[in-house]
Amino acid sequence: MTDLKALNELEKRLGSCMKMIRMAPMAQYTTLRLGGPADMLAEPGSPEQLVQLLQAANELNIPVTLIGHGSNLLVKDGGVRGLVIRICREMRRIEVRGNTIRAEAGAMLSSLAMTAAENSLGGLVFASGIPGTVGGGVYMNAGAYGGEMSQVVSRVEGVTYTGEPFAYTGEEMQFAYRYSRLMEEKKIVTHVTCKLPDADREKLISDMVELNRRRAEKQPLTLPSAGSTFKRPVGGFASAMVDECGLKGKSIGGAQVSEKHAGFLVNRGGTAADFLALIAHVQKEVYDQKGVMLEPEVCILGEDAPVIPV
């Protein structure tokens, strides 16, 4: 547990101007629907409030963890110490100017894609079914169906964990497969600007509907998951390798390799410990049979649950 005096002081300073929750159950803030509590969770309503939070936490020596929609996140059963800052529903404004869209980091990628389509701007159809935020999508260069955020991003603005501003062009972001420089530099996205080509509105919406139909047909959307569990290995696809190793449907506790799509691990009433064990089992089996070590795409946070003596 983080120092209670520090948390009390943080809440005293900023609790009246933004949502702050003690012992926040992280299962409510991740699409996997599991994880222990965060000592405190805060949802700033603006970039200015985010900077206030970061500066106060830094002064009070409170560790900070940043999340978005929690769609690519596995929080361990012991929870997260310190302050979890959630940039999602409270920072979701989107502005369109000609061929440029500027969005706050908490806007959903699906909303960004739809806003672009409604304004006859192309390039974001691939993002219409990704269940994450703009900030998270840029941070890890999210992609689907042959598209990636790196293809459309022209500018990224944000702050460091001490509240200092920065701005990078799309080229300066050093995008690669499921990677940006922000992952190494530990910086926080506040705004993303995309420069997009003109396109036919009706065709864009039709393409988005088709992609989401295909997604619903192939992916286990009716069960809690964190999306694709593993990154695409060189020379193949993680889901195909997992399937070929006979692991589709494999369960450990309440964690299961989806029977519908072997690239997804789904929650059937499990714990984070179940998922970590299943991830390790899948990695070992694929390595033993294929000679390939799968790398998790899902971000793992927090502490293991304490051992309770019997």
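Biologist: Let's start with R215: in which helix does R215 lie?
Modeller: Happy to begin there, and please keep in mind that this is a predicted model. R215 belongs to a helix made of residues 201-218. That helix is α6.

Biologist: Which side chain of opposite charge is nearest to R215, and how far away is it?
Modeller: R215 is buried, yet R215 has no salt bridge. A salt bridge would need a nitrogen of Lys or Arg within 4 Å of a carboxyl oxygen of Asp or Glu. The nearest side chain of opposite charge is that of E297, and the distance is 11 Å.

Biologist: Which residues is R215 in contact with, leaving aside neighbours within four places in sequence?
Modeller: Contact here asks for heavy atoms within 4.5 Å. With the neighbours within four places set aside, the contacts of R215 are G129, P131, Y145 and L221.

Biologist: You mentioned E297. With which residue does E297 meet in a salt bridge?
Modeller: The E297 side chain has a partner at 3.8 Å, N to O. The pair links distant parts of the chain, 119 residues apart: E297 sits in the loop between α8 (272-290) and β17 (299-301), and its partner in the loop between β11 (165-169) and α5 (182-185). Both residues of the pair are buried. The partner is R178.

Biologist: How many salt bridges does the structure hold?
Modeller: Besides the pair of R178 and E297, there is a network of salt bridges that links E9, R13 and E59. For the structure, the number of salt bridges is 24.

Biologist: How many positive and negative side chains are in the chain?
Modeller: The centres of the two sets lie 2 Å apart. As for the counts, the chain has 34 positive and 35 negative side chains.

Biologist: Where is D77 found, and which residues does D77 touch?
Modeller: D77 is in the loop between β4 (73-75) and β5 (80-86). D77 counts as partly exposed because its relative accessibility is 26%. Not counting residues up to four places away in sequence, D77 touches G36, T271, A272, A273, E303 and A305.

Biologist: How far apart in space are D77 and M20?
Modeller: Along the sequence, D77 and M20 are 57 residues apart. Going from C-alpha to C-alpha, the separation in space is 21 Å.

Biologist: What is the value of phi for N61?
Modeller: N61 sits in the loop between α2 (47-59) and β3 (64-67). N61 is exposed because its relative accessible area is 69%. Its phi is positive, in a residue other than glycine, and is near 55°.

Biologist: What is phi for S120?
Modeller: S120 lies in the loop between α3 (109-118) and α4 (134-139). S120 counts as partly exposed, because its relative accessibility is 26%. S120 is not a glycine, although its phi is positive, at about 60°.

Biologist: What distance separates the C-alpha atoms of E48 and D198?
Modeller: E48 is found in helix α2. With 55% relative accessibility, E48 counts as exposed. E48 and D198 are 150 residues apart along the chain, and their C-alpha atoms are separated by 33 Å.

Biologist: Stepping back, why does the chain agree with a compact globule?
Modeller: The chain has 8 helices and 17 strands, and 52% of its residues count as buried. Its C-alpha trace spans about 65 × 55 × 30 Å along the principal axes. A compact globule of 310 residues would have a radius of gyration near 19 Å, so the chain agrees with its value of 20 Å.

Definitions and conventions
Residues numbered from 1 in each chain as written. Predicted model: local features only at pLDDT ≥ 70, side-chain atom pairs only at ≥ 80, totals over all residues. Heavy atoms only, no water. Helix = DSSP H or I, 4+ residues; strand = E, 2+ residues; numbered from the N terminus. Rg over C-alpha atoms; globule rule 2.2 N^0.38 Å. Buried < 20%, exposed > 50% of the residue type's maximum accessible area, 1.4 Å probe, protein only. Lys, Arg positive; Asp, Glu negative; His and termini not counted. Charge placed at Lys NZ, Arg CZ, Asp CG, Glu CD.
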